Amino acid sequence: MKNKFPTLAALGLLASPAFLPAAATVNVINGDAAGVGFNDTTAATPVGGNTGTTVGQQRLIAYQRAAAVWGNTVTSTVPINVYATWEALTCTATTAVLGSAGAAEVFSSFPNAPVAGTWYCAALANKLSGVNNSTATLTPPTTGTPTIYQIRARFNVNLGQTGCLPGGGFYLGLDNNPGAGQTDLLVVLIHEIGHGLGFQTFTNGSTGAYLTGSDGTPRPSIWDTFLTDSPTNTRWTQLTPAQRAASALSDNLVWAGPLVTAAVPNVLQVGVPNVAASSPSLPLQNFNVGTASFGPAITNPGITRQIGQVIDGNVANVGPVGLACNPNDPAAAATLSPANAAAVNGKIALVDRGTCSFVIKVKACQDAGAVGVIVVDNAVGSPPAGLGGADPTITIPAVRVTQSDGATIKAALARRSRGAQANVVATLGLDNSRRAGADSSNRAKMYAPNPFQSGSSVSHYDVSATPNLIMEPAINAGLGQSVVPPADLTFTLFQDIGW
Ligand SMILES: [Zn+2]
């Protein structure tokens, strides 16, 4: 070993940035059988900078571009092999698993491990130790030669065909310019390889149980040392399994990594759509909201008015509800009763989800003179989902709050004085004390919906991030290829975990 040092030193002296190789070598291993996936010989027209002339060639070229994005970003002396196949993944006419990827193996307490007794994915363990610890092999059918790999990736070979989001399919160009209904393969590849490089926990987020090694010892993932419950400031490694499982459902899960926190102001924009409400019995409180696909956007300074609750029914075990639907035909336009119309006129109306569409409810309130609408969810879950639907005649803003937050607001309203609804004042606007996708301390929110979503919860950034991030659980339109600030926070998180 000793005689190699002069060689390394000489390389260092000679190297200039222009001649440096990629910071890491990321290889794509074609694991498909003849005629399948990468080996599909169906003719294809070059598109968006992808010069391949068969479907298989274009898939491989896009893969190699994604591998290069990461190879030019992370640093490792140990090559990273991505064993990749195209397979039939879960699919229906309206939803599809685009792809999946993860680490082939995990290691703990390897030489130079920054945190002892903690799992690291293979590619990161190899980088940190400077040697190839990997032992996992797979054998590509076309070569018959077992190959060591650090990342396993599968992509949906049927996307765009009958029964699998028909008419869409992957866009194979390299210029982020997919057609309507198409999914940008390159962005999805960057996302999936990101998981394989360590954007994931190996802890069971559903039970909170750590991954148990072959020696029978459960160990946390390096991921868990940064996952933090925001209100209590408690790291996952300080929690019991049951507490971790609860944290994974809390909508309060954040990443307490110093580099991501420092980068959040350069990436995420100020202002989170929000309901701030207060009353004599309710100290000022912020409620997370889901925004509507119809009506005006939530802006600042927003609308500050008294809340007026619609009450037009009674549900067993729930109590009074305000559906604001047409009782004769849930699909038809609705009109509020005179009493309800008076209750919401000039106010922010509070209604309940259920029976009829969101646009029918909101339009009925608007027709009665409401200046905004808060829809209370009728099912347990968080964070509050958006409000779907379309009606160009709606001109007032509308949001959804969770069932439990709605119950808090209703309880304040129910503290009546002289038979009238209590005076609960709400502002429907942007909370400018936070950035979209972070807590008030600039710690990035992690995806923690209730109910738990296997494969998505905990191992992604939250969907509230604005602008959108590559490592959100769903691929949004308009994402580019950069994984660093100011566009994105993926590599910054990698730096927190040791890359
Ligand atoms: Zn993902």
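At 3% relative accessibility, His460 counts as buried (buried means under 20% relative accessible area, exposed over 50%, and partly exposed in between, with a 1.4 Å probe and protein chains only). The model is predicted: local features need pLDDT of at least 70, side-chain atom pairs count only at pLDDT 80 or more, and totals for chains, interfaces and linings use all residues. Residues are numbered from 1 along each chain as its sequence is written, and side-chain values use heavy atoms, with hydrogens and water left out.

His191 lies in helix H4, and His460 in the loop between strand E26 (444-445) and helix H10 (490-497), so the pair ties together parts that are 269 residues apart in sequence. Helices (H or I, at least four residues) and strands (E, at least two) are DSSP runs, numbered from the N terminus. His191 is buried too, with a relative accessible area of 3%.

The loop between helix H4 (185-196) and strand E11 (211-212) holds Phe202. Phe202 is buried, at 18% relative accessible area. Neighbours within four places in sequence aside, Phe202 is in contact (heavy atoms within 4.5 Å) with Ala103, Val106, Trp119, Tyr120, Cys121, Leu211 and Ser221. Ala68 is 134 residues from Phe202 along the chain, and their C-alpha atoms are separated by 26 Å.

The protein is divided into three parts: domain 1 (22-196), domain 2 (216-267 + 436-473 + 482-497) and domain 3 (270-435). These bounds come from an automatic or database domain assignment. Between domain 1 and domain 3, the C-alpha centres lie 45 Å apart.

An open sheet is formed by four strands in the order E1-E2-E8-E3, with mixed pairing. Two strands pair if DSSP finds at least two bridges between them. Strand E1 (26-30) and strand E3 (99-103) are the edge strands, each pairing on one side only. From one strand to the next, the twist averages 20°. E1 and strand E2 (residues 80-87) run parallel and are joined by five bridges. Within this pair, Asn30 has Ala84 in E2 as its bridge partner. Helix H2 (residues 55-71) packs on the sheet and touches E1, E2 and strand E8 (151-156). The direction of H2 makes about 155° with that of E1. Axes are lines fitted to C-alpha atoms, for helices over the stretch in contact, and angles run from 0 to 180 degrees between N-to-C directions.

Strand E16 (residues 270-279) has seven of its 10 residues buried, so it is largely enclosed by the rest of the structure. E16 pairs with strand E25 (residues 425-435) in the antiparallel sense, over eight bridges. Arg435 in E25 is the bridge partner of Val270. E16 also pairs with strand E17 (residues 282-288), again antiparallel, over five bridges. In E17, Phe287 stands opposite Val275. Two residues separate E16 and E17, which form a hairpin.

Side chains of opposite charge can pair when their charged atoms come close. A salt bridge is a side-chain nitrogen of Lys or Arg within 4 Å of a carboxyl oxygen of Asp or Glu. By this rule there are 10 salt bridges. One of them joins the side chains of Arg59 and Asp40 (4.0 Å, N to O). Arg59 lies in helix H2 and Asp40 in the loop between E1 and H2, so the pair ties together parts that are 19 residues apart in sequence. Arg59 and Asp40 are both buried.

Glu87 forms a salt bridge with Arg152, and the closest N and O atoms are 3.2 Å apart. Glu87 lies in strand E2 and Arg152 in strand E8, so the pair ties together parts that are 65 residues apart in sequence. Glu87 counts as partly exposed, at 27% relative accessibility. Arg152 counts as buried, at 13%. A network of salt bridges links Glu87, Arg152 and Arg154. Asp431 and Arg434 also meet in a salt bridge between their side chains (3.1 Å, N to O), and both are buried.
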